[in-house]
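I opened the notebook to work through one chain, piece by piece. Here is what I looked up, in the order I went.

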Amino acid sequence: MADRAPLLEYEEGPAVTFSPWDGSNPAPGNGAGSAASARGAADSWNPVSDPERDAATAPGAQQQEEEEQVVAVFVVTFDTRAGNIVEWCLPHEVDLEGVEFKSMASGSHRINSDFVYFRKGNYFGMACFANMPVESELERGARMKSVGILSPSYTLLYRYMHFLENQVRHQLEIPGHYAQLEAFYEDKKGVLPTAMSSKGIPTSLQPLHWLPTVNKYMYPEMKITHPAGCMSQFIKFFGEQIMVLWKFALLRKRILIFSPPPVGVVCYRVYCCCCLANVSLPGIRGVPETKPYFYVSVADIETLETEVSYVACTTEKIFEEKKNLYDVYVDNQNVKTDREHLQQLLKINSADKDKYRKLNDQRQMLLYSQEVGGDCSTNEEDLFILFFMEQNNRIFQMLLEVSACQDKTLTADHVRSMGLDPQGDRIFLMDLLEVYGIDVMLVIDNPCCP
């Protein structure tokens, strides 16, 4: 399957629109939003010709098949009297408490369509949302639903996005028809651990498929993980601020990104932010994983209070006041922190500017080679991810070498060779040594002290 980003099609394509109808008959045809086209698209799920399953004989197919497993499929609707509710799900015994808020982001009533990634216990979820005007006083003029799935891994969820988009339109125009969702679940269903179907905190669940961590060689998996285009858009959106986010991500800080709906593109920023902290060197252990929570709501506050490191996004402005839940707050392109000792990390120094310039130079060279020479062996995503991984490897390689020396002294020359500013990155380096437990003595003079 092509690695085309649903995100890009969502952002750049026209918004999905629905014509008002009275609910007595299927909506009249209006292009992609018609009932006929929705039924046709929904009926397109054919397990016999599923391309992902056809590739099951490829190397590593067993692991990929496990990650493709769907442990639950559900439909969430907005009820004018009860609010967000789960109207249907498979399996029927699955615990979906809270999913009704995760799969329909706060403020979604103001937009026509969206998609969202989220976490539920030990699983990752993705849901597609749509909002259709209806001539119904009971529904207050609008019908809103989300159709989503849960899986042990976020890695391949985006492959099902178009199916879920078609299904949510189908559910809006012909509510209560779940045959295609049932067929999809039967084809993709995985084994549901007993603990998942009981209320409360899971007690014995499968290992999580987190984003790449510092003690794993994960780059080959990342190539099929991210949709093409999301990393380049991430860099363009934040500009030089990307270097600030890079430091906070490498320090495993709790990062919360706020943005009004649509939230789909912001979920990809969560993923991209975690990717900034990849290290492929062995020997870097005992570090808290940067957990991608993706979308969170006020219903997740209790869970976030227990986390020491995460990256998440929200559409609820009230989170800004709950400063105990995060270390870094990102309001669109404004990165800020109320932690006094982290304030200096918000400043972009000369070494940061130099790295950002090199990143853009490499991108321009890549684009030139693709345009003139037709070289498509490397894409922008490879370039961006490898750029930060190599930068991180460079830093940790030097720190490990110095820690192995007898005097364990890290000098200004060492710091410069790592691509850092001896003065501007002093606080960053001190925190880095503490977080990763590296035994090195920093002997860079502090200009603020006599």
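**Entry 1: strand pairing.** Before I started, I noted that two strands pair if DSSP finds at least two bridges between them. I also reminded myself that the model is a predicted one. Then I checked strand 1 against strand 2 (residues 83-90): seven bridges join them, and they run antiparallel. Strand 1 and strand 2 form a hairpin, with three residues between them.

Next I looked for another partner of strand 1. Strand 5 (residues 142-151) is joined to strand 1 by six bridges, and these two run antiparallel. Across that pairing, Ala 72 stands opposite Leu 150 of strand 5. I also asked how many residues of strand 1 are buried. Six of the eight are, so I wrote down that strand 1 (residues 72-79) is mostly covered.

**Entry 2: the whole chain.** I stepped back for the totals. I found 16 helices and twelve strands in the chain. Of its 450 residues, 56% count as buried. I looked at contacts too: among those with a separation of 6 or more, 69% are between residues 24 or more positions apart.

**Entry 3: helix against helix.** A reminder to myself: two packed helices are described by the angle between their axes and the distance between the axes. I took helix 6 (residues 161-173) and helix 7 (residues 179-188), which pack at an angle of about 150° with their axes 10 Å apart. The cut-off for roughly antiparallel is over 145 degrees, so helix 6 and helix 7 are roughly antiparallel to each other. Helix 6 brings Phe 163, Gln 167 and Gln 171 to the contact, and helix 7 brings Gln 180, Leu 181 and Phe 184. Sorted by class, that contact of helix 6 with helix 7 has three nonpolar, three polar and no charged residues.

Then I turned to helix 10 (residues 241-250) and helix 13 (residues 350-372), whose axes come within 9 Å and cross at roughly 110°. Angles of 65 to 115 degrees count as roughly perpendicular, so that is the label for helix 10 and helix 13. On the helix 10 side I listed Ile 242, Met 243, Trp 246 and Lys 247, which meet Asp 352, Lys 355 and Tyr 356 in helix 13. The contact of helix 10 with helix 13 divides into four nonpolar, no polar and three charged residues.

Entry 4: How far apart are the end C-alpha atoms of helix 14 (residues 380-404)? They are 36 Å apart, and this agrees with expectation because 25 residues at 1.5 Å a residue should span 36 Å. Helix 14 is also mostly covered, with 18 of its 25 residues buried.

Entry 5: I went looking for cis peptide bonds. The bond from Leu 90 to Pro 91 is cis, with omega near -5°, and Pro 91 lies in the loop between strand 2 and helix 5. Pro 261 and Pro 262 are also joined by a cis peptide bond, with omega about 5°. I found Pro 262 in the loop between strand 6 and helix 11.

Asn 332 is not a glycine, yet its phi is positive, near 55°. Asn 332 sits in the loop between strand 9 and strand 10, and is partly exposed at 31% relative accessible area. Lys 408 has a positive phi of about 55°, in the loop between helix 14 and strand 11. With a relative accessible area of 25%, Lys 408 is partly exposed.

Terms used. Residues are numbered from 1 along each chain as its sequence is written. This is a predicted model: local features need pLDDT of at least 70, side-chain atom pairs count only at pLDDT 80 or more; totals for chains, interfaces and linings use all residues. Side-chain values use heavy atoms; hydrogens and water are left out. Buried means under 20% relative accessible area, exposed over 50%, partly exposed in between (1.4 Å probe, protein chains only). Helices (H or I, at least four residues) and strands (E, at least two) are DSSP runs, numbered from the N terminus. The expected span of a helix is 1.5 Å times one less than its number of residues. Axes are lines fitted to C-alpha atoms, for helices over the stretch in contact, and angles run from 0 to 180 degrees between N-to-C directions. Angles under 35 degrees count as roughly parallel, over 145 as roughly antiparallel, 65 to 115 as roughly perpendicular and the rest as oblique. Contact means heavy atoms within 4.5 Å. Ala, Val, Leu, Ile, Met, Phe, Trp, Tyr, Cys and Pro count as nonpolar, Asp, Glu, Lys and Arg as charged, and the others, Gly among them, as polar.
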